[in-house]
Amino acid sequence: MVNQAAREENSYNKTILANSVDATGEFAADFAKWLVLNGNLYQKNVVCLRGNLGAGKTTFVKAFANAIGIDPSIVKSPTYTYFRKYAVGDITVYHFDYYRIEDLNKRDIEEFLEIVDGNNLVLIEWPDRIEEYLPDDHFEVELEVVDENKRKISINEN
Ligand SMILES: Nc1ncnc2c1ncn2[C@@H]1O[C@H](COP(=O)(O)OP(=O)(O)OP(=O)(O)O)[C@@H](O)[C@H]1O
Ligand SMILES: [Mg+2]
């Protein structure tokens with residue numbers, strides 16, 4: 001049986017008030033390092049990002065990517081497709097953005113499930129579009145706009 005202390009050490013539940021883009025970036029970077037560099041990725045490989053338009057989801061993903069060695073200038077929301085992928089070491093990071101997607105067809109869903117089942121790290125903006133296909137075990141990042149430069153951000157494990 002896994003004891004409680006060990007469980008807590010390996011779980012990630014944090015909330016902050018980020019007063020700037022940089023503060024959001026630091027929070028994202030800490031999480032990325034814990035997840036990828038500290039070897040916690042095997043537990044859960046899907047990160048859902050929720051929040052209104054302009055809340056900071058893509059900003060979070062860029063800083064997350066930067067922290068694990070992906071050039072943040074190449075990370076941007078997919079335009080002609082709904083995901084982009086980046087290789088880093090032996091990990092492939094997928095960044096999905098379902099904002100423009102109304103209906104996903106069967107092939108889209110199969111492709112999503114294959115990516116999640118594979119040895120990949122998957123970050124998803126607007127995950128509500130694919131809610132019913134999300135693995136039960138995943139991380140939830142919620143971003144709330146407090147004012148122009150402030151965001152309340154929480155990361156929780158599901
Ligand atoms: N503390 C902060 N954290 C993150 N972004 C901030 C913060 N303060 C201001 N911003 C600004 O808010 C905007 C966030 O944009 P971003 O594209 O990351 O949002 P998004 O949630 O991905 O939106 P969308 O739903 O359109 O994809 C940027 O212009 C950024 O500079
Ligand atoms: Mg975005």
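**Helix packing, burial and the ligand shell**

Phe-112 sits in helix H4 (residues 106-117), where helices (H or I, at least four residues) and strands (E, at least two) are DSSP runs numbered from the N terminus. The model is a predicted one, so local features need pLDDT of at least 70 and side-chain atom pairs count only at pLDDT 80 or more, while totals for chains, interfaces and linings use all residues. Residues are numbered from 1 along each chain as its sequence is written, and chains are lettered from A and ligands numbered from 1 in the order in which they are written.

Phe-112 counts as buried because it has 21 C-beta neighbours inside 10 Å; the cut-off for buried is 20 or more other C-beta atoms within 10 Å of a residue's own, with exposed at 12 or fewer, partly exposed in between, and C-beta atoms placed from the backbone. Leaving aside residues up to four places away in sequence, Phe-112 touches Ile-130 and Tyr-133, a contact being two C-beta atoms, placed from the backbone, within 7 Å. Asn-52 is 60 residues from Phe-112 along the chain, and their C-alpha atoms are separated by 23 Å.

Next comes H3. This helix (residues 57-67) packs against helix H2 (residues 21-37) at an angle of about 50°, with the axes 8 Å apart; axes are lines fitted to C-alpha atoms, for helices over the stretch in contact, and angles run from 0 to 180 degrees between N-to-C directions. H2 and H3 are therefore oblique to each other, given that angles under 35 degrees count as roughly parallel, over 145 as roughly antiparallel, 65 to 115 as roughly perpendicular and the rest as oblique. On the H2 side, the residues that meet H3 include Gly-25, Ala-28 and Phe-31, and their partners in H3 include Phe-60, Ala-63 and Phe-64. The residues of this contact split into nine nonpolar, four polar and one charged (Ala, Val, Leu, Ile, Met, Phe, Trp, Tyr, Cys and Pro are nonpolar, Asp, Glu, Lys and Arg charged, and the others, Gly among them, polar).

H3 is mostly covered, with eight of its eleven residues buried, among them Lys-57, Lys-62 and Ala-65. The cover over those buried residues includes H2 along with strands S2 (46-50), S3 (83-88), S4 (91-97), S5 (120-125) and S6 (139-147). Just after H3, Gly-69 takes a positive phi of about 100°.

As for ligand 1, 19 residues surround it, the closest being Thr-24, Gly-56, Lys-57, Thr-58 and Thr-59; a residue is near if its C-beta atom, placed from the backbone, lies within 6 Å. H2, H3 and strand S7 (150-157) each supply at least two residues of this shell, which has six nonpolar, nine polar and four charged residues.
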